[in-house]
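These are my notebook entries on a structure that I looked up. I record each item in the order in which I checked it.

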Amino acid sequence: MSWIDDYLQQVTEKVTIESGRLNGKTPYIPYDGFYSDVVSERGIDWWSNGFWSGILWQLYAYSHQGRFKDIAITQEQRLDGALHLFQDLHHDVGFMWLLSSVAHYRVTGDEQARRTGIHAATLLAGRFNIAGKYLVSWNDHPGWLIVDSMMNIQLLYWASQQTGDPRFELLANCHADTVAKTLVRADGSVGHIASFNPDTGVFIEQLAGQGVSASSSWSRGNAWALYGFALTYRHTRNKHYLKLARKIADYFIGECEHSEGIPLADFRAPEEPCLYDTSAGMIAVSGLLEISSWLSEREQQHYQEKAKYILKAIVRRYANWNSEEDGIIGGGTEAYYRPATYEIPLIYTDYFFIESLLRLKGQYLFLW
């Protein structure tokens, strides 16, 4: 049995036990070793609410255990309540429904799941600021665009493919171009927030977000951009996006080599406190594997080896296979200035760990 098979066996066993303990709850961060229900704590519209469904669909496609499918559908039905409330939905509808309803449709062909995905994509398209050519990230800041959005626009590409309506893709392309112009720096590092005048669309400045400062390099933001531009290339075949993805990837790889393969929470943070963010690493691993799939054999090997290097470094230091505790990969840092969430298990770290393992094994369910 290879190391990938070994990890996947342990993951499947642990997620099976976690799902039983959760009993219908939606996980985010385990407190005192156990998941609580993020819906009751942060709301039905919390941005990460789709990742548990994504884990379940990936493992169902891999193991064919019907339990995973059943729980994923129950989670999807719970999440759909956010569409009806329409209280605080934001650009993260991509994260929420690509990994739930769209995953459901991809696996089973369920037509209601397809309609729900298109509904979510239509809401995302409605956030487009025509003057600035960007999707508004948060409702209380109509002039803000955040780099995480590069993953969410993949929902628009899916909607275009499903409906035959090019408007979804055109909006996604415009947004990606605006991200490239305003957040991707010459050295391959990435800012977190771009601020615009929402009336004129004029770019004002980069702002600090979950990293150290406006001019720093929040590693998870770099990972979102790395993977997001690679996926945008997949959907458009525009080589400009692949070039951007590789530029960001090369920067990310170089920074990880200074910290034994595990990314710091911010690549330009002060020496103290020394904080890591394994979620950034696992997102980047999936992104590096996506990039490698579009390159020549010689170039493929480079990115695949770097992806394995980062993944193995994180697992050696942060994997927790204890079935009596929730969360598989620790070491995730939610935000640089949020001490309560320094180096902890995060549900999306586990999702991208599982996605990466399945990519390496060649049994990945494409959900983006």
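Entry 1. I listed the contacts of Asp 326, taking contact as heavy atoms within 4.5 Å. Leaving out residues up to four places away in sequence, I found that Asp 326 touches Lys 14, Glu 18, Arg 21, Pro 30, Gly 33, Phe 34 and Tyr 35. With Arg 21, Asp 326 makes a side-chain to side-chain polar contact of 2.7 Å; such a contact is a pair of N or O atoms within 3.5 Å, and within protein one must be able to donate a hydrogen and the other to accept it, while residues adjacent in sequence count only if both atoms are side-chain atoms.

The model is predicted, so local features need pLDDT of at least 70 and side-chain atom pairs count only at pLDDT 80 or more, whereas totals for chains, interfaces and linings use all residues. Residues are numbered from 1 along each chain as its sequence is written, and side-chain values use heavy atoms, with hydrogens and water left out.

Entry 2. I searched for disulfides, pairs of cysteine sulfur atoms within 2.5 Å, and the count came to zero. Cys 256 is in no disulfide, and the nearest cysteine sulfur, that of Cys 274, is 13 Å away. I recorded Cys 256 as buried because its relative accessibility is 1%. Cys 174, at 28%, is partly exposed.

Conventions
Buried < 20%, exposed > 50% of the residue type's maximum accessible area, 1.4 Å probe, protein only.
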